[in-house]
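Have a look at the picture before reading on.

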Amino acid sequence: RRVAVLVSGRGSNLGALIAAAAVADYPAEIALVLSNVPEAGGLVLARDHGIAAEVIDHRPFGRDRAAHEAAIDARLHEARIGFVCLAGYMRRLTPLLVDRWAGRMINIHPSLLPSFPGLDTHARALAAGVKIHGCTVHEVTAGVDEGPILGQAAIAVRPDDDAHSLAARVLEQEHRLYPAVLRRALEEGGERPQAEPLLSF
Ligand code: GRF
């Protein structure tokens, strides 16, 4: 299946998906990378791997989020994309993209949802004193970080962790989890994948 990845930043999860898709029996081809941020490292990474990588900057659209999303949607269709992965894509989506890609768009979030949706998840997890933290891949729906959970990976919080060290260990798990969940989502077609959790302590 032709998969597009939407990024806004460095693209390390994109890198994990590209690496997974390079293996012969993986069911996805990373066919297109789109970024709303011209400087996103993910664009460079994609081009280094020979993947089409394009900027659809949100700024010229001003407050018209739907028009920006319509431009994204048009590119996805032109490129014959069948499934979309958000990987550090930092724009809240409107129903335009969410509805058109329902069941075919997933996101990775750096917390064990439904705990800590939104930003600064690692600092907030530390402040809350949780002992288990991790990441979640979920279907994208209208509510931010709210769609059905497809897979999670958990790590133990260490007494000496700061937000930086915690982020680094969660990110390692993100890079394992995202390709695993994408594979399952594509292989099981429209059905909700029954994820066995990935646990790492
Ligand atoms: C990741 O922590 C991801 O979970 C979150 O944004 C970050 C993106 O990192 N949504 P990268 O661009 O994939 O390196």
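How much of the chain counts as buried? Of its 201 residues, 40% do; a residue is called buried if 20 or more other C-beta atoms lie within 10 Å of its own, exposed if 12 or fewer, and partly exposed in between, with C-beta atoms placed from the backbone. Keep in mind that this is a predicted model, where local features need pLDDT of at least 70, side-chain atom pairs count only at pLDDT 80 or more, and totals for chains, interfaces and linings use all residues. Residue numbers start from 1 along each chain as its sequence is written.

## The whole chain

As for size, the C-alpha trace spans about 50 × 40 × 30 Å along its principal axes. A compact globule of 201 residues would have a radius of gyration near 17 Å, and the chain's 16 Å agrees with that. That radius is taken over C-alpha atoms, and the globule rule is 2.2 Å times the number of residues to the power 0.38.

Among contacts between residues at least 6 apart in sequence, 68% join residues at least 24 apart.

## The annotated positions

An unreviewed UniProt entry gives the annotation "binding site" to Gly 11, Ser 12 and Asn 13. The feature "binding site" is also placed by UniProt (unreviewed entry) at Arg 65 and Asn 107. UniProt positions follow the numbering used here, feature names are shortened, and annotations may be inferred rather than shown by experiment.

Here is how four of these positions sit in the model:

| Residue | Other C-beta atoms within 10 Å | Class |
|---|---|---|
| Gly 11 | 24 C-beta neighbours | buried |
| Ser 12 | 17 C-beta neighbours | partly exposed |
| Arg 65 | 16 C-beta atoms | partly exposed |
| Asn 107 | 24 C-beta atoms | buried |

Gly 11 is in the loop between β1 (2-7) and α1 (12-21). Leaving out residues up to four places away in sequence, Gly 11 touches Ala 40, Gly 41, Gly 42, Leu 45, Ala 87 and Gly 88.

Arg 65 is part of helix α3, while Asn 107 sits in strand β5. Beyond four places in sequence, Asn 107 is in contact with Leu 86, His 138 and Val 140.

## Around the ligand

Which residues come nearest to the ligand? Of the 15 around it, they are Gly 9, Ser 12, Asn 13, Gly 88 and Pro 110; a residue is near a molecule if its C-beta atom, placed from the backbone, lies within 6 Å of it. At least two residues of this shell come from each of α1, β5 (105-109) and α6 (163-187). The biggest giver is α1, with three residues.

In helix α2 (residues 41-48), the buried residues are Gly 42, Leu 43 and Ala 46. Seen down the axis of α2, they fall within an arc of 105°, so they line one face of the helix. The arc is that of the directions from the helix axis to the C-beta atoms. Cover for these residues includes β1, α1, β2 and β3 (52-55). Just after α2, Gly 50 has a positive phi of about 75°.

Now for helix α3 (residues 65-78). At 1.5 Å a residue, its 14 residues should span 20 Å, and the end C-alpha atoms are 20 Å apart, which agrees; the expected span is 1.5 Å times one less than the number of residues. Buried here are His 68, Glu 69, Ile 72 and Leu 76. Looking down the axis of α3, these fall within an arc of 95°, so they line one face of the helix. Their cover includes β1, β2 (29-35), β4 (83-86) and α4 (95-100).

What does the face of α3 turned away from its buried side carry? There you find the exposed residues Ala 74, His 77 and Glu 78. Just after α3, Arg 80 takes a positive phi of about 55°.

Conventions
Two residues are in contact if their C-beta atoms, placed from the backbone, lie within 7 Å. Helices (H or I, at least four residues) and strands (E, at least two) are DSSP runs, numbered from the N terminus.
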